[in-house]
Amino acid sequence: SDPLRLAGVARRYRTEAGALEVLRDADLTIARGEIVALVAPSGTGKSTLLHLAGLLERPDAGEVFIAGQAAGTLDDGARTAIRRNTIGFVYQFHHLLAEFTAVENVMLPQMTAGVAAGQARTRAAELLGTFGLAARLDHRPGKLSGGEQQRVAIARALANSPALLLADEPTGNLDATTAGIVFAQLLAEARGRGLAALIATHNPELAARMDRVVTLRDGRIIPG
Ligand code: ADP
Ligand code: ADP
(Lines give C-alpha, C1' and ligand atoms only; values in the text may rest on other atoms or scores of the structure.)
(Ligands and ions follow the chains in the order given, each with its own letter.)
Protein backbone atom coordinates (compact mmCIF):
# COMPACT_ATOMS: atom_id res chain seq x y z
CA SER A 1 0.00 0.00 0.00
CA ASP A 2 0.97 3.66 -0.28
CA PRO A 3 3.60 4.78 2.21
CA LEU A 4 1.57 7.89 3.09
CA ARG A 5 -2.08 8.79 2.80
CA LEU A 6 -3.92 11.66 4.43
CA ALA A 7 -7.69 11.57 4.15
CA GLY A 8 -9.83 14.53 5.17
CA VAL A 9 -7.31 15.71 7.72
CA ALA A 10 -8.16 18.75 9.84
CA ARG A 11 -6.02 20.46 12.43
CA ARG A 12 -6.91 23.57 14.37
CA TYR A 13 -5.11 25.44 17.08
CA ARG A 14 -6.65 27.44 19.87
CA THR A 15 -5.25 30.96 19.89
CA GLU A 16 -6.06 34.16 21.74
CA ALA A 17 -7.94 35.32 18.64
CA GLY A 18 -10.00 32.12 18.58
CA ALA A 19 -9.65 28.82 16.73
CA LEU A 20 -7.16 28.83 13.86
CA GLU A 21 -8.03 26.17 11.30
CA VAL A 22 -4.67 25.38 9.68
CA LEU A 23 -5.81 22.27 7.82
CA ARG A 24 -9.49 21.69 7.13
CA ASP A 25 -9.85 18.90 4.57
CA ALA A 26 -6.39 17.82 3.53
CA ASP A 27 -6.00 14.85 1.21
CA LEU A 28 -2.67 13.54 -0.04
CA THR A 29 -1.43 10.18 -1.26
CA ILE A 30 2.23 9.49 -1.88
CA ALA A 31 2.97 6.25 -3.70
CA ARG A 32 6.08 4.16 -3.28
CA GLY A 33 8.98 5.79 -5.10
CA GLU A 34 7.19 9.11 -5.41
CA ILE A 35 8.99 12.26 -4.31
CA VAL A 36 6.70 15.20 -3.64
CA ALA A 37 7.67 18.82 -3.07
CA LEU A 38 5.64 20.86 -0.58
CA VAL A 39 5.94 24.51 -1.55
CA ALA A 40 3.83 27.05 0.31
CA PRO A 41 4.32 30.39 2.06
CA SER A 42 5.35 30.51 5.72
CA GLY A 43 2.50 30.15 8.17
CA THR A 44 0.26 28.11 5.86
CA GLY A 45 0.76 24.81 7.69
CA LYS A 46 3.74 22.99 6.21
CA SER A 47 5.22 22.05 9.59
CA THR A 48 1.79 21.06 10.87
CA LEU A 49 1.35 18.79 7.85
CA LEU A 50 4.78 17.20 8.32
CA HIS A 51 4.13 16.69 12.04
CA LEU A 52 0.80 15.00 11.30
CA ALA A 53 2.38 12.81 8.60
CA GLY A 54 5.21 11.98 11.00
CA LEU A 55 2.75 10.97 13.73
CA LEU A 56 4.06 13.65 16.07
CA GLU A 57 0.60 15.20 16.29
CA ARG A 58 -2.88 13.80 15.91
CA PRO A 59 -5.43 15.39 13.57
CA ASP A 60 -8.71 16.81 14.91
CA ALA A 61 -10.53 15.01 12.11
CA GLY A 62 -9.62 12.67 9.28
CA GLU A 63 -6.98 9.96 9.25
CA VAL A 64 -3.29 9.52 8.52
CA PHE A 65 -2.34 6.15 7.01
CA ILE A 66 1.27 5.00 7.08
CA ALA A 67 1.84 2.04 4.75
CA GLY A 68 -1.88 1.36 4.89
CA GLN A 69 -2.10 1.43 8.68
CA ALA A 70 -4.57 3.93 10.16
CA ALA A 71 -2.44 5.74 12.72
CA GLY A 72 -5.38 7.19 14.66
CA THR A 73 -6.26 3.80 16.05
CA LEU A 74 -2.77 3.26 17.49
CA ASP A 75 -1.53 4.15 20.96
CA ASP A 76 1.53 6.34 21.45
CA GLY A 77 3.89 3.37 21.75
CA ALA A 78 2.81 1.93 18.42
CA ARG A 79 3.08 5.37 16.82
CA THR A 80 6.62 5.76 18.14
CA ALA A 81 7.51 2.36 16.71
CA ILE A 82 6.28 3.46 13.27
CA ARG A 83 8.26 6.71 13.58
CA ARG A 84 11.40 4.79 14.36
CA ASN A 85 11.07 2.01 11.82
CA THR A 86 9.09 3.35 8.89
CA ILE A 87 9.70 7.10 8.77
CA GLY A 88 12.92 9.05 8.35
CA PHE A 89 13.06 12.74 9.32
CA VAL A 90 15.39 15.44 8.04
CA TYR A 91 15.21 18.98 9.38
CA GLN A 92 16.60 22.33 8.30
CA PHE A 93 19.08 22.18 11.16
CA HIS A 94 20.85 18.88 11.49
CA HIS A 95 20.08 18.19 15.20
CA LEU A 96 23.05 15.86 15.41
CA LEU A 97 24.23 15.06 18.92
CA ALA A 98 27.36 17.16 19.45
CA GLU A 99 29.09 14.76 21.82
CA PHE A 100 28.80 11.80 19.44
CA THR A 101 30.80 11.17 16.26
CA ALA A 102 29.25 11.04 12.79
CA VAL A 103 29.17 7.26 12.77
CA GLU A 104 27.69 7.15 16.28
CA ASN A 105 24.95 9.60 15.28
CA VAL A 106 23.95 7.23 12.47
CA MET A 107 24.20 4.20 14.76
CA LEU A 108 21.85 5.62 17.39
CA PRO A 109 18.48 5.21 15.68
CA GLN A 110 19.43 1.68 14.73
CA MET A 111 20.36 0.79 18.29
CA THR A 112 17.13 2.34 19.59
CA ALA A 113 15.39 -0.03 17.17
CA GLY A 114 17.28 -2.98 18.62
CA VAL A 115 20.12 -3.47 16.13
CA ALA A 116 23.38 -4.72 17.71
CA ALA A 117 26.22 -2.19 17.93
CA GLY A 118 28.56 -3.98 15.53
CA GLN A 119 25.93 -4.32 12.85
CA ALA A 120 24.76 -0.73 13.38
CA ARG A 121 28.32 0.56 13.00
CA THR A 122 28.85 -1.39 9.76
CA ARG A 123 25.65 -0.05 8.27
CA ALA A 124 26.35 3.50 9.49
CA ALA A 125 29.81 3.44 7.93
CA GLU A 126 28.38 2.15 4.65
CA LEU A 127 25.71 4.85 4.58
CA LEU A 128 28.18 7.61 5.38
CA GLY A 129 30.44 6.24 2.64
CA THR A 130 27.57 6.59 0.19
CA PHE A 131 27.44 10.26 1.09
CA GLY A 132 31.18 10.71 0.57
CA LEU A 133 31.94 10.83 4.28
CA ALA A 134 34.12 7.73 4.64
CA ALA A 135 36.96 9.88 5.94
CA ARG A 136 34.73 11.67 8.46
CA LEU A 137 33.27 8.76 10.43
CA ASP A 138 34.97 9.62 13.69
CA HIS A 139 34.52 13.39 13.48
CA ARG A 140 32.11 15.11 15.82
CA PRO A 141 29.54 17.39 14.14
CA GLY A 142 31.41 20.50 15.28
CA LYS A 143 34.37 19.46 13.12
CA LEU A 144 32.27 19.04 9.98
CA SER A 145 31.17 21.62 7.42
CA GLY A 146 27.49 22.55 7.16
CA GLY A 147 27.07 20.38 4.06
CA GLU A 148 28.76 17.45 5.76
CA GLN A 149 26.61 17.83 8.86
CA GLN A 150 23.48 17.77 6.76
CA ARG A 151 24.66 14.68 4.89
CA VAL A 152 25.20 12.92 8.23
CA ALA A 153 21.65 13.93 9.20
CA ILE A 154 20.34 12.45 5.94
CA ALA A 155 22.30 9.23 6.52
CA ARG A 156 20.79 9.09 10.01
CA ALA A 157 17.29 9.48 8.56
CA LEU A 158 17.95 6.53 6.24
CA ALA A 159 19.59 4.34 8.90
CA ASN A 160 16.51 2.23 9.65
CA SER A 161 15.55 1.85 5.97
CA PRO A 162 12.35 3.88 6.20
CA ALA A 163 9.61 3.59 3.59
CA LEU A 164 8.77 7.28 3.95
CA LEU A 165 11.06 10.27 4.18
CA LEU A 166 9.76 13.57 5.59
CA ALA A 167 11.95 16.63 5.24
CA ASP A 168 11.45 20.23 6.28
CA GLU A 169 13.78 22.52 4.29
CA PRO A 170 16.52 19.88 4.33
CA THR A 171 19.07 22.13 2.61
CA GLY A 172 17.60 25.46 3.74
CA ASN A 173 20.55 26.22 5.96
CA LEU A 174 23.20 25.74 3.24
CA ASP A 175 24.59 28.08 0.60
CA ALA A 176 23.08 27.62 -2.87
CA THR A 177 25.95 25.56 -4.31
CA THR A 178 26.19 23.22 -1.34
CA ALA A 179 22.41 22.95 -1.15
CA GLY A 180 22.29 21.82 -4.79
CA ILE A 181 24.94 19.16 -4.23
CA VAL A 182 23.48 17.82 -0.98
CA PHE A 183 19.97 17.83 -2.41
CA ALA A 184 21.13 15.86 -5.47
CA GLN A 185 22.62 13.24 -3.13
CA LEU A 186 19.44 13.10 -1.07
CA LEU A 187 17.35 12.66 -4.20
CA ALA A 188 19.65 9.99 -5.67
CA GLU A 189 19.53 7.96 -2.46
CA ALA A 190 15.78 8.32 -2.09
CA ARG A 191 15.27 7.26 -5.71
CA GLY A 192 17.75 4.39 -5.45
CA ARG A 193 15.83 3.05 -2.47
CA GLY A 194 12.38 3.59 -3.98
CA LEU A 195 11.41 5.80 -1.04
CA ALA A 196 8.31 7.90 -0.86
CA ALA A 197 9.14 11.43 0.25
CA LEU A 198 7.44 14.68 1.20
CA ILE A 199 9.95 17.51 1.14
CA ALA A 200 9.09 21.07 2.11
CA THR A 201 11.20 23.65 0.35
CA HIS A 202 11.14 27.31 -0.62
CA ASN A 203 13.58 26.66 -3.43
CA PRO A 204 11.81 26.37 -6.82
CA GLU A 205 14.87 24.79 -8.47
CA LEU A 206 14.82 21.96 -5.94
CA ALA A 207 11.05 21.59 -6.21
CA ALA A 208 11.36 21.23 -9.98
CA ARG A 209 13.63 18.20 -9.55
CA MET A 210 10.92 16.28 -7.68
CA ASP A 211 8.08 14.25 -9.22
CA ARG A 212 5.32 16.73 -8.42
CA VAL A 213 4.64 19.82 -6.39
CA VAL A 214 1.81 20.39 -3.93
CA THR A 215 0.87 23.51 -2.03
CA LEU A 216 -1.52 24.49 0.75
CA ARG A 217 -4.50 26.72 0.18
CA ASP A 218 -7.35 27.36 2.61
CA GLY A 219 -6.33 24.33 4.62
CA ARG A 220 -6.34 21.97 1.66
CA ILE A 221 -3.54 20.30 -0.30
CA ILE A 222 -3.71 21.17 -3.98
CA PRO A 223 -1.36 20.78 -6.95
CA GLY A 224 1.33 23.48 -6.86
P1 ADP B 1 4.52 26.71 8.20
O2 ADP B 1 5.35 25.53 8.53
O3 ADP B 1 3.93 26.69 6.83
O4 ADP B 1 5.22 28.02 8.46
P5 ADP B 1 2.99 26.01 10.58
O6 ADP B 1 2.41 24.67 10.37
O7 ADP B 1 4.21 26.12 11.44
O8 ADP B 1 3.24 26.71 9.15
O9 ADP B 1 1.89 26.97 11.21
C10 ADP B 1 0.64 27.24 10.56
C11 ADP B 1 -0.14 28.23 11.39
O12 ADP B 1 -0.51 27.63 12.64
C13 ADP B 1 0.63 29.48 11.76
O14 ADP B 1 -0.25 30.56 11.73
C15 ADP B 1 1.14 29.19 13.14
O16 ADP B 1 1.32 30.40 13.86
C17 ADP B 1 0.01 28.37 13.73
N18 ADP B 1 0.45 27.40 14.73
C19 ADP B 1 1.35 26.40 14.55
N20 ADP B 1 1.49 25.67 15.67
C21 ADP B 1 0.69 26.23 16.59
C22 ADP B 1 0.38 25.94 17.97
N23 ADP B 1 0.95 24.89 18.59
N24 ADP B 1 -0.51 26.73 18.60
C25 ADP B 1 -1.10 27.77 17.97
N26 ADP B 1 -0.88 28.09 16.68
C27 ADP B 1 0.02 27.33 16.00
P1 ADP C 1 12.93 8.39 20.86
O2 ADP C 1 12.87 8.16 22.35
O3 ADP C 1 13.34 7.22 20.06
O4 ADP C 1 13.68 9.64 20.49
P5 ADP C 1 10.69 9.87 19.93
O6 ADP C 1 9.23 9.59 19.91
O7 ADP C 1 11.16 11.06 20.69
O8 ADP C 1 11.40 8.58 20.46
O9 ADP C 1 11.22 10.00 18.46
C10 ADP C 1 10.96 9.01 17.52
C11 ADP C 1 11.33 9.60 16.18
O12 ADP C 1 10.56 10.78 15.94
C13 ADP C 1 12.79 9.96 16.09
O14 ADP C 1 13.34 9.34 14.96
C15 ADP C 1 12.82 11.45 15.96
O16 ADP C 1 13.72 11.85 14.94
C17 ADP C 1 11.41 11.84 15.58
N18 ADP C 1 11.03 13.06 16.30
C19 ADP C 1 10.99 13.24 17.64
N20 ADP C 1 10.60 14.48 17.96
C21 ADP C 1 10.39 15.13 16.80
C22 ADP C 1 9.95 16.47 16.46
N23 ADP C 1 9.68 17.40 17.35
N24 ADP C 1 9.82 16.76 15.14
C25 ADP C 1 10.07 15.83 14.22
N26 ADP C 1 10.48 14.57 14.47
C27 ADP C 1 10.66 14.21 15.75
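How far is an oxygen atom of ligand 2 from an N or O atom in the side chain of Arg 83? The distance is 2.5 Å. Let us look at the surroundings of this ligand, and then at a helix and a strand.

This is a predicted model, where local features need pLDDT of at least 70 and side-chain atom pairs count only at pLDDT 80 or more, while totals for chains, interfaces and linings use all residues. Residues are numbered from 1 along each chain as its sequence is written, chains are lettered from A and ligands numbered from 1 in the order in which they are written, and side-chain values use heavy atoms, with hydrogens and water left out.

**Around ligand 2**

The shell of ligand 2 consists of His 51, Leu 56, Thr 80, Arg 83, Arg 84, Phe 89, Tyr 91 and Thr 112 (each has a heavy atom within 4 Å of the ligand). Three of these residues are nonpolar, three polar and two charged. In this grouping Ala, Val, Leu, Ile, Met, Phe, Trp, Tyr, Cys and Pro are nonpolar, Asp, Glu, Lys and Arg are charged, and the others, Gly among them, are polar. Helix α2 (residues 76-86) gives the most to the shell, with three residues. Helices here are DSSP runs of H or I with at least four residues, and strands are runs of E with at least two, numbered from the N terminus.

The table lists polar contacts of the ligand (pairs of N or O atoms within 3.5 Å).

| Ligand 2 atom | Side chain | Distance |
|---|---|---|
| oxygen | Arg 83 | 2.5 Å |
| oxygen | Arg 84 | 2.9 Å |
| nitrogen | Tyr 91 | 2.5 Å |

Taken alone, ligand 2 exposes 550 Å², and the protein buries 51% of that (areas by the Shrake-Rupley method with a 1.4 Å probe).

**A covered helix**

In helix α1 (residues 46-53), six of the eight residues are buried, meaning under 20% relative accessible area with a 1.4 Å probe, counting protein chains only. Among them are Leu 49, Leu 50 and Leu 52. Just after α1, Leu 55 takes a positive phi of about 60°.

**A covered strand**

In a regular strand the side chains alternate between the two faces of the sheet. On β8 (residues 196-200), Ala 196, Leu 198 and Ala 200 are buried on one side, and Ala 197 and Ile 199 on the other.

Strand β8 pairs in the parallel sense with β3 (residues 35-38) over four bridges and with β7 (residues 164-168) over five bridges; pairing takes at least two DSSP bridges. Ile 35 has Ala 197 as its bridge partner, and Ala 167 stands opposite Ile 199.

Terms used:
Buried means under 20% relative accessible area, exposed over 50%, partly exposed in between (1.4 Å probe, protein chains only). A polar contact is a pair of N or O atoms within 3.5 Å; within protein, one must be able to donate a hydrogen and the other to accept it, and residues adjacent in sequence count only if both atoms are side-chain atoms.
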